[in-house]
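Trainee: Could we go through some local features of this structure together, one at a time?

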Amino acid sequence: MNQLAALLQKHFATNQNYFLEQQPDGSYRKRSGEVTFKRLANMLDQRKSIAVLQRNIDLSVNWICFDFDILKDLLSSELLPNAESALRECVYEFWRYLEQCSISCIVEFSGNRGFHIWITFDDPLKYWSAYDLQQKILKNSGVEFDRELIALDLFPRSRSPSGGIGSGVKIPMSLHTKSQAYSRLIACPEDLLKDLRCTNLDEKVVEESVSILGAHQGLSISQVETILDRLVGDDEGGDSEIQRISLIKIAVGFSLNTLLEHWKKSPVFSVLAIKIEKCEKLKNDERKLLVGLLARVGSTESFSYVEMLQEIFSRMRNYDASKTQTAIASLSGFLFPSRAQIESVLGLSFPDGASDLDIVKSCIPYYLSHYQNDFRILEKDIEVARVAESNYVRTNDEVQVRKVVNTLSLTNATKNLQHEVEKLLLHPDKVALYLHNRNEPKKIRKLITLGAAERVATSAAMKQIIHHFGLKPSSNSYGYCVNRGFKGGHIFEPWLSRWVNFISNIGVAIEEKSYSDFYIVKSDIRSFYDDIPHDGVKRLLLEGVDQEMRTKINGLSQDALEDYKKIVNLFFGIALSVNQKPIGLPQGPAYARWLAELYIFSLDQYFDSLIKSESVYFYQRFVDDIFFIVPDEVAASNLLQQVRQHLAVLGLQVNDEKTIVRKISDFTPDFDRYKSQSKYVVDKISRKFDDASEGEKDNAIEEFLRLTQADTYVEDLSFIYSHLTTVESLNSWKREHLLPVIRSGEGRGSLYR
């Protein structure tokens, strides 16, 4: 039985921190925890049913599933025998098609009214690529069935993943709670004709299942690419990040003839070489690719990339020297193209094991060395960061300086910003700051806004560090999570959806009946941003947060390492200018929020390891708020002490005033007070007010009114005036209260001019 549990985990488990458990009525409820060997062994032993969530945390999947079912309404119909016959015939044909295509699959009788056909992968495949594969297989199979008898559910269900935790499928060998039959693995298509109902996991069934799973081999990435007839990459659009090669050094002797002879030795570049030799017309993408391949090659006495490109293009019909010269100049900023870009344009693939260096050498004869500027902030980085910062500054809760907002909004500001960023990197202590005095009833509070160049520089640097080192937050952290490459023009993933998931996960955990006698700890990190020491964060950046990052840092060239240190120093030059001491990160700037998350990452790692060992049943963190669940009060006290010690090493402290240790059955009132933060409800509905239900609208308006009636409503003015703008009755309140606040000259009113 243990061997069966291990094979089930190998082929079907994902790294989600949740799974679904079937209830007596056949429905499923979300449960916290990974699908571990121990949990699967317990499922088999206790005759339970678990649905495994398909999606991994990084939006990859380990399998796709075709779920063929008899329509539920037919189970008590006289058409049931026809439906059963049609179902087996359909599944038989589909299985045979997969065998003909050498696509290994796992087939199971669901234990109730259908069959699951699973195709697994040796390495996780991105969600959208898995969907494309599923659709290609389904289309090419030509499988047909009567939709008045049979339904087909597909996993994944769409090309773009939905929000939340995604969909799940009942794992093989689960006991269906309604039919009281096990989902049973099937060895070959001919066995579909047998009586497959199984109500007991006897030795024979277990041995058959172990044999089937033990012999199963998932698809490799190269097999997937063969089926799809294209490459699969990390990004939904299929475009990977550019190679950041800025200079390739060559020996003397580089000429067009030596280049073409060199390319003929490459199965990829030979296509281009033959076209050039035969003076065939080049496509626009091929012309741009040529510029990218040669523009980074350093000039020598015998070589100039401009002259070589002119020589190539002069072989083409309708060659115009002047127009060609202008076109080459306009593309001179191109960097060396990525593997995916080369393969996409030329329609051929490099060998699986080919490294970036192998590709550069196969392209450039007389190659000596190259410089890869991963940590240089390029014009493209400036533009991406400018757009993202423009969006961020408009939604972030800080004083908006008109000059900063205007600069970030200008589409033609990139060149000037790049010049300012280059000066900042040379002199990170010379920072543009905007100081604001905010009059409070008993004090004057000093607020600071960073200049446009400072914002763009730090965000661009942050983006490159995350990309180069592949940094990812813990799946149990729901604070600020950076959008890879600032996708969609936003630095962070939507904080509201992360907050909603955070609250939802806690709610699911405390509602779990089997946890009712367990203990939950809710704690808080005191003065989180203010107490973070600069040296501690800098050490993590320069030495690495884990072994993978340390290995990559040690592999940097001397030039790249110097560039990296420059952008790290930029972070702390700005932080020191803001705080006037080597401790504390400024609250507001995007880079500071990311650095704070990076600094506390070790605590997440510690809890992640405890969850895997199942000594902790639940852990979630949202910025400085921490929740965890353990079996008893002693374990809660001991682990809280461990947290104190861990934070002390980081120079941080637990906030005892905000720390609660409570039996879960008594925790609901505390949790209700914690989650009733009106802003989150209002923000969620404000974004989609027209599409919200009447109940959701009423709830949002009610929460909005609570904000406006609170004694501290002035603190939330920025939020209040930017939300529910389409509700005219609320706008009248806003207009009525706007002028008095501005005229008061106190608090936020003192900041308006």
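Trainee: Where is Pro156 placed in this structure?

Mentor: This is a predicted model, and in it a cis peptide bond joins Phe155 and Pro156, with omega at about 10°. As for its place among the elements, Pro156 belongs to the loop between β7 (150-155) and β8 (168-170).

Trainee: Is Ser102 buried or exposed?

Mentor: Ser102, which sits in the loop between α3 and β5 (106-109), has a positive phi of about 60° although it is not a glycine. Its relative accessibility is 57%, and the cut-off for exposed is over 50%. Therefore Ser102 counts as exposed.

Trainee: And Phe486, is that residue buried or exposed?

Mentor: Phe486 also is not a glycine and yet has a positive phi, here of about 55°, and its place is the loop between α17 (452-469) and α18 (495-511). Its relative accessible area is 3%, and buried means under 20%, so Phe486 is buried.

Trainee: How far apart in space are Leu79 and Leu149, C-alpha to C-alpha?

Mentor: Leu79 lies in the loop between β4 (60-70) and α3 (80-100), and it counts as partly exposed because its relative accessibility is 36%. Along the sequence, Leu79 and Leu149 are 70 residues apart, whereas in space their C-alpha atoms are separated by 8.2 Å.

Trainee: How many disulfides does the count come to?

Mentor: A disulfide needs a pair of cysteine sulfur atoms within 2.5 Å. Among the cysteines, Cys188 is partly exposed at 26% relative accessibility, and Cys279 is partly exposed at 37%. By the distance rule, the count of disulfides is 0.

Terms used. Residues are numbered from 1 along each chain as its sequence is written. This is a predicted model: local features need pLDDT of at least 70, side-chain atom pairs count only at pLDDT 80 or more; totals for chains, interfaces and linings use all residues. Side-chain values use heavy atoms; hydrogens and water are left out. Helices (H or I, at least four residues) and strands (E, at least two) are DSSP runs, numbered from the N terminus. Buried means under 20% relative accessible area, exposed over 50%, partly exposed in between (1.4 Å probe, protein chains only).
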